[in-house]
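Take a look at the chain shown here. The report below walks through a few of its parts, one at a time.

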Amino acid sequence: MLTVNSYSATSATEPLAPARVERRDVGPRDVLIEIKYCGICHSDIHFVRGEWGTAPYPVAPGHEIAGIVAAVGPEVTQYAVGDRVGVGCMVDSCGECSSCRKGEEQYCLKGNTLTYGSTDKDGRITQGGYSTHIVVTEDFVVRIPEGIELDSAAPLLCAGITTYSPLRRWGAGPGKKVAVVGLGGLGHMAVKLAHALGAEVTVLSQSLKKREDGLRLGADHYYATSDPETFEQLAGSFDLIVNTISAKIDLDAYLSLLAVDGTMVNVGAPAEPLAFNVFPLIMSRRSFAGSAIGGIRETQEMLDFCAQHHLGAEIEVISADKINEAYERVLASDVRYRFVIDISTLA
Ligand SMILES: [Zn+2]
Ligand SMILES: [Zn+2]
């Protein structure tokens, strides 16, 4: 067993603080990763603050992990010491159910093992990437291609795949009109990816404050949702709307922006139920859907796509002692567009 440095939460109300976490011995099919960077996802904050149920404290969050392979078990075939690798939101799944067999481990019918706060097969609580090392079975490790820096690659492991998967599933590409609701951590990746896929991209944001950024990231159009004219002007426009907002929105207004056969996909997860009228769905054969991260194979595909198109997240790198401050800034939407922890500051 390894004991390594981390930044962990000990309760829902205390700030995160330096702590030690345990990692299992490197098993036959395990990879030991020296973590270089870990992104700060809004989910980390919800989780450690107990907003999604009581967390198993102490717990180190972090599921946007980028690092270098430091050791491999004797049966590992895909990775070698020195490889650039990543780990996202999952570290294991049953491997046998219909979802797992399709490579959609995120929808494992028996429930996958999340990177932090889950009970692992050995009974231990998983500990995330705000730490210097992690041990993961090779099936849940992905390769970070040369051509993406490790720091800007880290957020791709959650924000990147969460937006890439629905864009691919609902056919974002040339000739398709895609709207991205919200230009935050998820939204900025959705814009970059949809643009690289060849779609015509529109950002729908509260205000025009980030308009220049949005256009620089690849958006063709940018509208303020606080302006009621936006909804009149864009009615019936979009083949796909990716909603990254985790707050309550006027769903009817957004659904009216879909073209015939258009789909609105939620990747943001509001705590309260959303209400909407079915009539606008019926009259234009529209769909309302949800989507969670992506499978391991698709995550690799996304990383390869990003390398090909020279895409990474827009980041602000911080030292570990700034994590609590960064949380407050995330909550105040004061980040462009993802905080990434330099894990060398934890050593
Ligand atoms: Zn996340
Ligand atoms: Zn499964």
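The model is predicted.

## The zinc site

Start with the zinc ion (ligand 1). Its donors are C41 (SG), H63 (NE2) and C158 (SG), at 2.0 to 2.2 Å. Along the chain, these donors follow the spacing C-x21-H-x94-C. H63 and C158 link distant parts of the chain, 95 residues apart. H63 lies in the loop between α1 (42-48) and β4 (65-72). C158 lies in the loop between α3 (150-153) and α4.

Are H63 and C158 buried or exposed? H63 counts as buried because its relative accessibility is 8%, under the 20% limit. C158 is buried too, with a relative accessible area of 6%.

How many disulfides does a search of the whole structure find? The count is 0. Take C89 as a case. Its closest cysteine sulfur belongs to C158, at 3.8 Å. That is too far for a bond, because a disulfide needs the two sulfur atoms within 2.5 Å. C89 itself counts as buried, at 10% relative accessibility.

## Helix α4

Helix α4 spans residues 159-169. The helix is mostly covered, with 9 of its 11 residues buried. Those buried residues are A159, G160, I161, T162, T163, Y164, S165, P166 and L167.

What covers them? The cover includes three helices and strands from this list: α5 (185-196), α10 (296-308) and β10 (177-181). Also included are β13 (238-243), β14 (258-266) and β17 (338-342). Just after α4, G171 takes a positive phi of about 70 degrees.

## T113 and its contacts

T113 sits in strand β7 (residues 113-114). T113 counts as buried because its relative accessibility is 8%. Which residues does T113 touch, leaving aside neighbours within four places in sequence? Its contacts are C89, M90, V91, D92, S118, T119, D120 and T126. One of these, C89, also counts as buried.

## A β-α-β unit

Now move to strand β11 (residues 200-205) and strand β12 (residues 221-224). They pair in the parallel sense, over 4 bridges. In this pairing, L204 stands opposite Y223 in β12.

Together, β11, α6 and β12 make a β-α-β unit, and the unit is right-handed.

Terms used
Residues numbered from 1 in each chain as written. Chains lettered and ligands numbered in written order. Predicted model: local features only at pLDDT ≥ 70, side-chain atom pairs only at ≥ 80, totals over all residues. Heavy atoms only, no water. Buried < 20%, exposed > 50% of the residue type's maximum accessible area, 1.4 Å probe, protein only. Helix = DSSP H or I, 4+ residues; strand = E, 2+ residues; numbered from the N terminus. Contact = heavy atoms within 4.5 Å. Donors = N, O, S within 2.8 Å, 3.2 Å for Na, K, Ca; no water. Pairing = 2+ DSSP bridges. Right-handed = clockwise from strand over helix to strand, strands pointing away.
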